[in-house]
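Here is a short briefing to read alongside the model. Keep the structure open as you go through the points.

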Amino acid sequence: MRDLEWVGSSLDDLRQFPNAVQRTVGFALYLAQMGDKHVDAKPLKGYRGAGVLEVIANFDGDTYRTIYTVRLSDAVYVLHAFQKKSPRGSEVPRKDLELITSRLKLAQESSARRLRQRSE
(Lines give C-alpha, C1' and ligand atoms only; values in the text may rest on other atoms or scores of the structure.)
Protein backbone atom coordinates (compact mmCIF):
# COMPACT_ATOMS: atom_id res chain seq x y z
CA MET A 1 0.00 0.00 0.00
CA ARG A 2 1.41 3.38 -1.01
CA ASP A 3 1.55 6.34 1.35
CA LEU A 4 -0.89 9.22 0.97
CA GLU A 5 0.59 12.73 0.95
CA TRP A 6 -1.38 15.98 1.04
CA VAL A 7 0.07 18.96 -0.84
CA GLY A 8 -0.72 22.53 0.21
CA SER A 9 -4.19 23.03 1.67
CA SER A 10 -5.72 19.98 -0.03
CA LEU A 11 -6.55 18.15 3.22
CA ASP A 12 -8.08 21.22 4.85
CA ASP A 13 -10.04 21.92 1.67
CA LEU A 14 -11.36 18.35 1.50
CA ARG A 15 -12.49 18.60 5.12
CA GLN A 16 -14.83 21.42 4.07
CA PHE A 17 -16.73 19.10 1.70
CA PRO A 18 -19.98 17.40 2.74
CA ASN A 19 -19.46 14.07 4.53
CA ALA A 20 -20.85 12.04 1.61
CA VAL A 21 -18.33 13.64 -0.74
CA GLN A 22 -15.50 13.07 1.75
CA ARG A 23 -16.40 9.37 1.89
CA THR A 24 -16.40 9.05 -1.92
CA VAL A 25 -13.05 10.82 -2.22
CA GLY A 26 -11.58 8.88 0.70
CA PHE A 27 -12.52 5.57 -0.91
CA ALA A 28 -11.11 6.70 -4.27
CA LEU A 29 -7.82 7.66 -2.60
CA TYR A 30 -7.71 4.36 -0.73
CA LEU A 31 -8.13 2.48 -4.02
CA ALA A 32 -5.34 4.59 -5.56
CA GLN A 33 -3.08 3.67 -2.65
CA MET A 34 -3.86 0.02 -3.36
CA GLY A 35 -3.00 0.45 -7.06
CA ASP A 36 -6.61 0.44 -8.26
CA LYS A 37 -8.89 3.14 -9.67
CA HIS A 38 -12.33 4.29 -8.46
CA VAL A 39 -15.11 4.26 -11.03
CA ASP A 40 -15.41 8.07 -10.69
CA ALA A 41 -11.65 8.70 -11.11
CA LYS A 42 -10.70 9.96 -14.57
CA PRO A 43 -7.60 11.52 -16.15
CA LEU A 44 -7.70 15.26 -15.61
CA LYS A 45 -8.95 16.97 -18.77
CA GLY A 46 -6.70 19.63 -20.18
CA TYR A 47 -3.72 18.15 -18.37
CA ARG A 48 -0.91 16.18 -19.89
CA GLY A 49 -0.62 12.53 -19.01
CA ALA A 50 -2.81 9.97 -17.34
CA GLY A 51 -0.88 10.11 -14.07
CA VAL A 52 -2.97 13.05 -12.81
CA LEU A 53 -6.53 12.03 -11.97
CA GLU A 54 -9.64 13.73 -10.72
CA VAL A 55 -12.57 12.45 -8.72
CA ILE A 56 -15.76 14.36 -9.40
CA ALA A 57 -18.52 14.05 -6.82
CA ASN A 58 -21.89 15.76 -7.02
CA PHE A 59 -23.88 16.54 -3.91
CA ASP A 60 -27.00 18.63 -3.43
CA GLY A 61 -26.59 20.37 -6.80
CA ASP A 62 -22.90 21.21 -6.23
CA THR A 63 -19.83 19.66 -7.84
CA TYR A 64 -16.68 18.83 -5.88
CA ARG A 65 -13.35 17.86 -7.39
CA THR A 66 -10.27 16.29 -5.92
CA ILE A 67 -7.11 16.05 -7.99
CA TYR A 68 -4.32 13.59 -7.22
CA THR A 69 -1.36 11.97 -8.90
CA VAL A 70 -0.23 8.37 -9.03
CA ARG A 71 2.67 9.33 -11.28
CA LEU A 72 5.23 9.24 -8.45
CA SER A 73 6.31 5.84 -7.15
CA ASP A 74 6.60 6.58 -3.44
CA ALA A 75 3.08 7.84 -2.66
CA VAL A 76 -0.26 9.07 -3.92
CA TYR A 77 -0.14 12.87 -3.74
CA VAL A 78 -3.37 14.83 -3.33
CA LEU A 79 -2.79 18.07 -5.22
CA HIS A 80 -6.05 20.01 -4.93
CA ALA A 81 -9.62 19.76 -3.64
CA PHE A 82 -12.20 22.38 -4.56
CA GLN A 83 -15.85 23.06 -5.19
CA LYS A 84 -16.52 23.78 -8.85
CA LYS A 85 -18.23 27.14 -9.10
CA SER A 86 -17.61 28.08 -12.72
CA PRO A 87 -20.71 28.02 -14.93
CA ARG A 88 -18.54 27.20 -17.99
CA GLY A 89 -19.21 23.49 -18.31
CA SER A 90 -16.95 20.75 -17.02
CA GLU A 91 -13.63 22.46 -17.70
CA VAL A 92 -11.28 23.06 -14.77
CA PRO A 93 -10.65 26.82 -14.40
CA ARG A 94 -7.22 28.08 -15.43
CA LYS A 95 -6.28 29.29 -11.93
CA ASP A 96 -6.97 25.80 -10.58
CA LEU A 97 -4.87 24.20 -13.33
CA GLU A 98 -2.02 26.57 -12.46
CA LEU A 99 -2.30 25.62 -8.78
CA ILE A 100 -2.32 21.92 -9.70
CA THR A 101 0.81 22.38 -11.81
CA SER A 102 2.67 24.18 -9.01
CA ARG A 103 1.61 21.57 -6.45
CA LEU A 104 2.66 18.75 -8.79
CA LYS A 105 6.15 20.30 -8.83
CA LEU A 106 6.12 20.37 -5.02
CA ALA A 107 5.04 16.72 -4.97
CA GLN A 108 7.88 15.79 -7.33
CA GLU A 109 10.38 17.54 -5.05
CA SER A 110 8.94 15.83 -1.99
CA SER A 111 9.05 12.46 -3.74
CA ALA A 112 12.70 12.95 -4.69
CA ARG A 113 13.56 13.83 -1.07
CA ARG A 114 11.69 10.81 0.27
CA LEU A 115 13.39 8.44 -2.17
CA ARG A 116 16.83 9.88 -1.30
CA GLN A 117 16.13 9.41 2.41
CA ARG A 118 15.11 5.80 1.86
CA SER A 119 18.31 5.04 -0.05
CA GLU A 120 20.59 6.52 2.63
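A residue counts as buried under 20% relative accessible area, as exposed over 50%, and as partly exposed in between. By that scale Asp-3 is partly exposed, because its relative accessibility is 34%. Please bear in mind that this is a predicted model. Salt bridges take up much of what follows, and a search of the whole structure finds six of them.

**Salt bridges of Arg-114**
- Arg-114 and Asp-3 meet through their side chains in a salt bridge, at 2.5 Å from N to O.
- That pair links distant parts of the chain, with Arg-114 in helix H3 (residues 94-119) and Asp-3 in strand E1 (residues 3-6), 111 residues apart.
- Arg-114 also forms a salt bridge with Asp-74, at 2.6 Å from N to O.
- Asp-74 sits in the loop between strand E4 (62-69) and strand E5 (75-84), so its pairing with Arg-114 of helix H3 ties together parts 40 residues apart in sequence.
- Arg-114 is buried, because its relative accessibility is 16%, and Asp-74 is buried at 3%.

**Another pair, and a network**
- Lys-95 and Asp-96 form a salt bridge whose closest N and O atoms are 3.9 Å apart.
- Lys-95 is exposed at 62% relative accessible area, whereas Asp-96 is buried at 7% relative accessibility.
- Through shared partners, salt bridges join Asp-3, Glu-5, Asp-74, Arg-114 and Arg-118 into one network.

**Nonpolar surface**
- Met-1, Phe-27, Tyr-30 and Met-34 make a nonpolar surface patch of about 460 Å².
- Phe-27 belongs to helix H2 (residues 19-33) and is partly exposed, at 43% relative accessibility.

Conventions
Residues are numbered from 1 along each chain as its sequence is written. This is a predicted model: local features need pLDDT of at least 70, side-chain atom pairs count only at pLDDT 80 or more; totals for chains, interfaces and linings use all residues. Side-chain values use heavy atoms; hydrogens and water are left out. Patches are made of residues with over 30% relative accessible area and no salt bridge: like charges are joined within 9 Å, nonpolar side chains (Val, Leu, Ile, Met, Phe, Trp, Tyr) within 5 Å. Accessible areas come from the Shrake-Rupley method with a 1.4 Å probe; for residues, only the protein chains shown count as cover. A salt bridge is a side-chain nitrogen of Lys or Arg within 4 Å of a carboxyl oxygen of Asp or Glu. Helices (H or I, at least four residues) and strands (E, at least two) are DSSP runs, numbered from the N terminus. Buried means under 20% relative accessible area, exposed over 50%, partly exposed in between (1.4 Å probe, protein chains only).
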